[in-house]
Amino acid sequence: MRAKLVCVDRENPEQDLLDRAGGILKGGGLVAFPTETVYGLGGDALNPLASKKIYAAKGRPSDNPLIVHIARIEDLAALCTRVPEKALVLAQRFWPGPLTMIFPASDLVPRATTGGLDTVAVRFPSNKVAQGLILAAGGYVAAPSANTSGRPSPTTAARVAEDLGEAIDMILDGGPADIGLESTIVDFSGEEALILRPGYISLDMLRETIGEGRMDAGLTAEGGHPKAPGMKYRHYAPRADLFIVEGEEKAVVSEISRQVREKEEQGIRCGIFSSREHAPFYGKGVVLTAGSLAHEEEIAQGLYENLRLFDEKGVQVIYSEAFDTPHMGQAIMNRLLKAAGHKVITV
Ligand code: TXA
Ligand code: MG
């Protein structure tokens, strides 16, 4: 493996490590690092060659823009030509944190970083390692999730190494990501705040804070046209075929059990993605528990890791319960539906 995996203190990151990593970014290299959402693959956002390297390392289509990460609120102004008052209110409430906002881009931002768009996505992460790295790199770090394009996003450094170890220069290991799903993206380039990707910050939290906000209509419908280029790809996906089963709890458990029995009789290896509450009721198949319905943050945190584990266990078909939980449900179901290519069985 080419990349050096370096352990770093997640609360008080060692400055010499941050300087080394920052030096790599300043020199046009790539460093993966922890954030509170998922691990990011960082490059100097103001260097078009670094952005090109990011696309190449991930195998990502070049029309899919990167998020620029900052670590000082005063660095926002240089990136964009207009920041609406409501965006500042959101920044005050949720930055640093799992929120990305989109604005009209200034000339400072290379169009290689924005996938050719005249808008730029900006995020100020709360993870201390991320903040230290961004500052050591000069203030602006472009970072998509540090997975091979199309694979589930990595929530640990080991998963980054698995996907990208050969293609990048260094991996900062700051332990598992807290949230486990990517940031909420709010687009401020139009008239009204629009959620392009749901995350830890929900539509309700957005509306409570600024009194407005809508979900991008292209997100919900199968075959819709989402506004964030990245949301149109089948994504976050395990290798196995994934089906989501939704409906009344008992009916879901019995339908999944029936389908798994049938498939296993045909010699097809099945996985079941279950809440902790329902796991004991499944007799056959590889059962992985997402977490408890009473602690939905656990489900979000473990989603991607579990999808990768199903691959390692060699299952060919996965049945997942639906997780329409109150706070993280929108984000969890958004990722699951995409991973499933919208294959839903309603009982
Ligand atoms: O939590 C996160 O946001 C993580 C961590 C590393 O910060 N990053 C992340 O980046 O998820 P990525 O590249 O995997 O996803 C970025 C998403 C893509 O769907 C992309 O299309 C969208 O943001 N995006 C970026 N810039 C955009 C823009 N100017 N307009 C519309 N969508 C944009
Ligand atoms: Mg991604």
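Trainee: What does the accessible surface of the protein come to, and what share of it belongs to carbon and sulfur atoms?

Mentor: Please keep in mind that this is a predicted model, in which local features need pLDDT of at least 70 and side-chain atom pairs count only at pLDDT 80 or more, whereas totals for chains, interfaces and linings use all residues. Residues are numbered from 1 along each chain as its sequence is written, and side-chain values use heavy atoms, with hydrogens and water left out. Accessible areas come from the Shrake-Rupley method with a 1.4 Å probe, and for residues only the protein chains shown count as cover. Here the accessible surface is about 13,800 Å², and 51% of that belongs to carbon and sulfur atoms.

Trainee: Which residues touch the most other members of the largest nonpolar core?

Mentor: In soluble globular proteins, nonpolar side chains tend to be buried together. A nonpolar core is a set of buried Ala, Val, Leu, Ile, Met, Phe, Trp, Tyr and Cys residues joined through side-chain atoms within 4.5 Å. The largest one here has 102 residues, and Met101, Ile168 and Leu172 touch the most other members. Helix 9 (residues 296–312) supplies the largest share of this core, six residues, where a helix is a DSSP run of H or I with at least four residues, numbered from the N terminus. Apart from that core lies another, of eleven residues, including Val245 and Tyr282.

Trainee: Where is aspartate 163, and what does its side chain reach?

Mentor: Aspartate 163 is in helix 5 (residues 157–164), and this residue is buried, with a relative accessible area of 18%. Its side chain reaches the backbone nitrogen of threonine 148 at 2.8 Å, and the aspartate 163 side chain also makes a polar contact with the side chain of arginine 308 at 3.0 Å. A polar contact is a pair of N or O atoms within 3.5 Å; within protein, one must be able to donate a hydrogen and the other to accept it, and residues adjacent in sequence count only if both atoms are side-chain atoms.

Trainee: How many disulfides does a search of the whole structure find?

Mentor: A disulfide is a covalent bond between the sulfur atoms of two cysteines. With the cut-off of a pair of cysteine sulfur atoms within 2.5 Å, the search finds zero.

Notes. Chains lettered and ligands numbered in written order. Helix = DSSP H or I, 4+ residues; strand = E, 2+ residues; numbered from the N terminus. Buried < 20%, exposed > 50% of the residue type's maximum accessible area, 1.4 Å probe, protein only.
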